[in-house]
Amino acid sequence: MRTSSTSMIRRSVVAVLAVLVLASLTLATAGASPAPQATDTPTPTESGFSRPLIILRSYGATGKVHPGDAFTLEFRLGNVGDVKARNVVITMSSGDFIPAGAGGVIAAGAIAEGADTGYTQRLVASSTLVEGSVGTLTMLVSYTDPADEAYSESFTLAISVAEA
């Protein structure tokens, strides 16, 4: 009888262990993430960007810049990315040069891929600038792509102050 009860206990222990192992495996895989799926990766195009990318192509003052005087800054922004830049907003920050007129904010609209556009901004040179020196102006350009993903670029412009 001892052999049959030992055999029966062993079978019961094996059965319980099997149930515990199955329960552990079920719990472990219940919270597991599904296997990763292959996703489409945007193929970089000729420029290497599959998004808009705004650059500062050129800038300059119209005429000479003197401390305390107003002048017009002309500049061109280009989109070297492969999709249209939308909701383009240009913000000039005060410092060596103080924005005049629109307060240093230009709602520029959109710039198509591969295109560039010219803008102007009235500025006043700080009276603390020294003639013959160079002042700086920070320009922040924020924009979105067609899917409303936001981007921004910051440019520091160096502007020469004329001598008397």
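Is Arg57 buried, partly exposed or exposed, and at what relative accessibility? Arg57 counts as partly exposed, at 42% relative accessibility (buried is under 20% relative accessible area, exposed over 50%, partly exposed in between, with a 1.4 Å probe and protein chains only). Keep in mind that this is a predicted model, where local features need pLDDT of at least 70, side-chain atom pairs count only at pLDDT 80 or more, and totals for chains, interfaces and linings use all residues. Residues are numbered from 1 along each chain as its sequence is written, and side-chain values use heavy atoms, with hydrogens and water left out.

**View 1. The whole chain, one helix and eight strands.** Going along the sequence, the pattern reads α-β-β-β-β-β-β-β-β (helices, H or I with at least four residues, and strands, E with at least two, are DSSP runs numbered from the N terminus). The protein chain has 164 residues, and 26% of them count as buried. Among contacts with a separation of 6 or more, 68% come from residues 24 or more positions apart (contact means heavy atoms within 4.5 Å). The accessible surface is about 10,300 Å², with 58% of that belonging to carbon and sulfur atoms (Shrake-Rupley method, 1.4 Å probe; for residues, only the protein chains shown count as cover).

**View 2. An open sheet of four strands in the order β1-β2-β6-β4.** The pairing here is antiparallel (two strands pair if DSSP finds at least two bridges between them). At the edges stand β1 (54-62) and β4 (97-99), each with a single partner strand, so one side of each has no neighbour in the sheet. From one strand to the next, the twist averages 40 degrees (axes are lines fitted to C-alpha atoms, for helices over the stretch in contact, and angles run from 0 to 180 degrees between N-to-C directions). Strands β2 (residues 70-79) and β6 (residues 116-125) are joined by nine bridges. Look for Leu77, whose bridge partner in β6 is Thr117.

**View 3. Arg57, Arg76 and Asp116 in a salt-bridge network.** Four salt bridges turn up in total (a side-chain nitrogen of Lys or Arg within 4 Å of a carboxyl oxygen of Asp or Glu). Arg57 and Asp116 meet at 3.9 Å, N to O. That pair links strand β1 with strand β6, 59 residues apart. Asp116 also bridges to Arg76, with the closest N and O atoms 2.8 Å apart. This second pair connects β6 to β2, across 40 residues. Asp116 is partly exposed at 32% relative accessibility, and Arg76 is partly exposed too, at 34%.

**View 4. Arg86 and Asp148 joined by a salt bridge.** Their closest N and O atoms are 3.3 Å apart. Arg86 sits in strand β3 and Asp148 in the loop between β7 and β8, so the pair ties together parts 62 residues apart in sequence. Arg86 is partly exposed, with a relative accessible area of 29%. Asp148 has a positive phi of about 65 degrees, although it is not a glycine.

**View 5. Asn87, another non-glycine with a positive phi.** The phi of Asn87 is about 50 degrees. Asn87 lies in strand β3 (residues 85-93) and counts as partly exposed at 44% relative accessibility.

**View 6. Tyr143 and Tyr151, a stacked aromatic pair.** Three aromatic pairs are counted (ring centres of Phe, Tyr and Trp, the last by its six-membered ring, within 6.5 Å; planes under 30 degrees apart are stacked, over 60 edge-to-face, the rest tilted). Tyr143 and Tyr151 are 5.8 Å centre to centre, with 25 degrees between the planes. Both tyrosines, Tyr143 and Tyr151, are buried.
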